[in-house]
Amino acid sequence: MSYTMRIGDINDIRMNVAATDRYFNEGVCYASLFTYSTATKEIIKLINKKVEIRCNCSWYKTTPNSYHVISTKIPNSDFYHTIIYKKDRMIEDIGQKKLILFIFREVDVDSHDEFSEIMDNIYNGIEDDYNFSEELKDAVYYKLYKNSSIPILKEWINYIINSLIRNRYMYTMNILSSDDDNNDKKLIGYTICCPVDYLINLISTGLKTKVISINGTNLASEPMQAIEGLDGYLNTYSEVLADRIQKGFTPRFTPNKDKYSKELINYANYVEYSRNIKLYPAQKDVIQSISNCLDNQKSSFIIGECGVGKTALAIGSILVNSKHKKKCLNIVMCPSHLVYKWKYEISTLAPLSEVYIVDSISTLLNLMPKLKSNKRNRHIWLIISKETAKLSYEERPAAVWSKRKHCYVCPSCHQPLYTLTWEGRGRNKRPIQHFMKETAFLKQTASNRKCMNTVQKWNTEKNKNEKVDCNCKLWEPFIKTNEHDISDWIKLGKQGWIEKQHISKVYYELSNKRKLTKEESSLYSALFNVVGMMEVGTFPIQRSPRKYSIAKYIHRYLKHHIDYVVFDEMHQLKAGDSAQGEAFGDLASVARKVIGLTGTLLNGYASGIFYILYRTFAQTMKKEGFEYNNENKFTQEYGVVKKTSNYRWESGIQKNKIGTTRIKTLPGVSPLVFTKFLLENAAFINQEDISTGLPGYTEIPIAVDMDEELSASYNKLEKDIRENMGNWRKSVKTMGQIITTLSVYPDQPYNQADIIHPDTGEIIATPDTLEQRYRNKEDTFLKLVQSKVEAGEKVLVYYHWTNRTDLANRLPKLLKEHGIKSTVLKANIKASEREEWIHTQLKNGIDVLLCNPTLIETGLDLLDFTTIIYYQMGYNLYTMRQASRRSWRLSQNKDVEVYFLYYKGTIQEQALSLMATKLQAAMAIEGKFSEEGLNALSNNEDIFTQIASSVTEGIKDSVDIQVFKKISVKNTKEKNVDKQVNVKPLQYLLFNFNNASKSNKTQNDIQYNMTDSLSCATQLFNLC
């Protein structure tokens, strides 16, 4: 008997063999098909969309991106052999994570089906432990090992399979095979659908009941019994782990073993000659490893703290990797305030080089003859700020208004434009079209960027018309040659675009509305001004300079000329749809080699690194199954996603889902991101690695008691907020107001606005107004500053809430009253001029500089300020880390102290406590492990959410002084001992396991390595 299959609109596909699953509703799990080339292309296009499949008179629905497809042409024929099979995946169902795995085995036709017989016995109540074939045990072990992070030994697999079958978590597939297939083999398929928690509990129970064991015993060894926590484990077994790592992992460069290249030695000598700077061994190690990486890879990252010399490391990596190439063309893309710093560094560190700052397209055009010249014998470096690189022309809507259809239509196919919403649930769910009306093109969005209709197009291969997507661009360049150009569209500032013919109608519709949203209020205000001008016969002048993106011009006209591109502060280019992110992608795609520099690898979310990885390691990302728009898929696989669904229950039985599933991305990144994408292509370096020239660094929290009046008013405000909490306790807008007010009130208990619900206008709480005078925090601050100034030090003071407090005036006034000269750095000073401005103020004799930390968080070296005081602190961990290290540099001669002032018993203490914990989590990601940091990684709430929870629930956290002591670094300048780059055991251990599965090692080698880690995992997960 022969079978056929139908996929979507493709009928009569010849099917050789297929495997279907009805028990877990997975449908068609495997199919072997024979088709012509055109049908094969359609199958590949359709199978990973939401389509229906008919197989053996049964209909199945597919979900998007759920199949792997392999297609090969059969020699000497017009047929293609196509195999489709389902992807293993992990899903979240009612708050529970589940593994769904598919196992396919090819066995002899006459072989005995042991699994079905054993499964029947188990289902019939014959309780016994059955021994399965080695082939099946290997397949199950491989699937569980590959798709879960649960520590599993191969010797446990027989126990696990028996338990899966008894609990109906493993089932055989239904196999359909054509009779005309003369093959001596047959297909067997199994589906595993199992909760992750069940597997963890299963292994835990097995170890406790001694059904399974680790290395033949269920008892912890004497050394393990003496160990307390992960810190103790790493300290006890550091040498063993390091030895195991070195045997299983070959780094790009091994310090004290591999030799530096001749090019690196020459570069180090030149740097010492030109700048009188001697590179530290750890710096040379990084340069050599990056150069070795670029020999085989297109991209590489240098991830290091501020002050480790990333600029010199990047320049050195390029010069060493170029192997004395005489005329490299290199580009550096950096923040605007670092442009001149990069020019100085390149001019003094790179021999035979010319450096140009490209600040406009005309500058680049003037350089084009030199850039393309074959006669030049010097390197050329182009420095472009990320703000300049993104500049491009503005776009305006190109859609056409149809008076007959009363909506906008496509300028190409002339069909109505619309957006879709869905109505109903389950099989009654249906799409609803909403035609684009007068305000549909205020701003460019994903729904109005291109035409969503289909058109008839002639297919020359099939000789017939086919439906294809129109995809006509609905926005066009806005180019004006003079102020008198006439256009149907006008721009209303930030509110966006609107056609002149619709202004009056939209204005009067908004006027007649009883209640306006925030966006509608802004639009109404903008239209009010335009209507006033229309009454006197004028319109706002539409100005749009003619610009062309520098990054796009380089991508188009210098495609085969760019050798290296360096992206400084690469983490700032993480957005997928920003102009700066697009400039990043344009330059990265055109360069032969790419180097990324950053001091903070992640922002805590897996999505924060997705587009960076895709723009630098596109092939690797594609091999992992990710397309450019698969940010959500990447987050689900390597991040933390919270899905909330509501279901209707009757008599304890779950019924239909109510409404839609709400999805929220939470902080958290899987270590697999590092093992799969980063560790082979990134060098990590910290200031501790260069300990020979490092001054001391200490972080000191100082708790301040509120006076009785302030304490009573603050506690009253907190009480009023909690008592008046209603349905808005989960409102982000409202919680933002509450947290801000509670943060600033102790510092300024006067002139504070009421907390008002933004939608209803309801007053939630009214802060008391106290006398304007100096309080305990100002007194503590003054004493600290006086002691430092008397000791001859300069003090840098940070305050965060610029627009909610008068600290910019009050603190300088306080210091002036006591004879201390100070000044305030404000945002109106250009970023590129701030460092020079600060040096001018120092020459004028200031002792104290006050500013918002965001103004100097990157790039500036403030060596004169050896004391840093956080008078206020925001909730951005990256800003805190960067701003705290402004003066802690290799060239610093004095110890640096950072003080955090906070009022006890307030939200300021709560924020500082959480920030310290999250800081240790971030340090764990970068290889600095501690128990607190790893525990913090498991907390998937962001800082803002945790603070909001503490407010609503009345939780009070105290600041742990020990956390700050662990962050501090001792002065090592007196020690004249070179220290190599630290081995980071846990990172390399993860990397070792990942590469073991890819290498030619035997399964026993991998199992032996896994056994070592399980000695720790047993204690950590309480499996014993």
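Student: In which sense do strand β35 and strand β37 pair, and over how many bridges?

Tutor: The model is predicted. Strand β35 covers residues 794-798 and strand β37 covers residues 848-851.

Student: Which strands are the edge strands of the open sheet of 6 strands?

Tutor: The order in this sheet is β32-β39-β38-β35-β37-β36, with parallel pairing. An edge strand here pairs on one side only. That holds for β32 (697-704) and β36 (822-825).

Student: Which helix packs on the sheet, and what angle does its direction make with that of β39?

Tutor: The helix spans residues 776-790 and touches β32, β35, β37, β38 (865-870) and β39 (896-903). The helix is α25, and the angle is about 165 degrees.

Student: Why do the buried residues of helix α17 lie on the same side?

Tutor: Helix α17 runs over residues 550-557, and its buried residues are Ile550, Ala551, Tyr553 and Ile554. An α-helix has 3.6 residues a turn, so residues three or four places apart point the same way.

Student: Which residue caps the N-terminal end of α17?

Tutor: The cap is made by a side-chain oxygen that lies 3.4 Å from the backbone nitrogen of alanine 551. That oxygen belongs to serine 549.

Student: What percentage of the residues of the protein count as buried?

Tutor: Buried means under 20% relative accessible area. The protein has 1024 residues, and the share that counts as buried is 50%.

Key: Residues numbered from 1 in each chain as written. Predicted model: local features only at pLDDT ≥ 70, side-chain atom pairs only at ≥ 80, totals over all residues. Heavy atoms only, no water. Pairing = 2+ DSSP bridges. Helix = DSSP H or I, 4+ residues; strand = E, 2+ residues; numbered from the N terminus. Contact = heavy atoms within 4.5 Å. Axes fitted to C-alpha atoms, helices over the stretch in contact; angles between N-to-C directions. Buried < 20%, exposed > 50% of the residue type's maximum accessible area, 1.4 Å probe, protein only. Polar contact = N/O pair within 3.5 Å; in protein donor to acceptor, adjacent residues only side chain to side chain.
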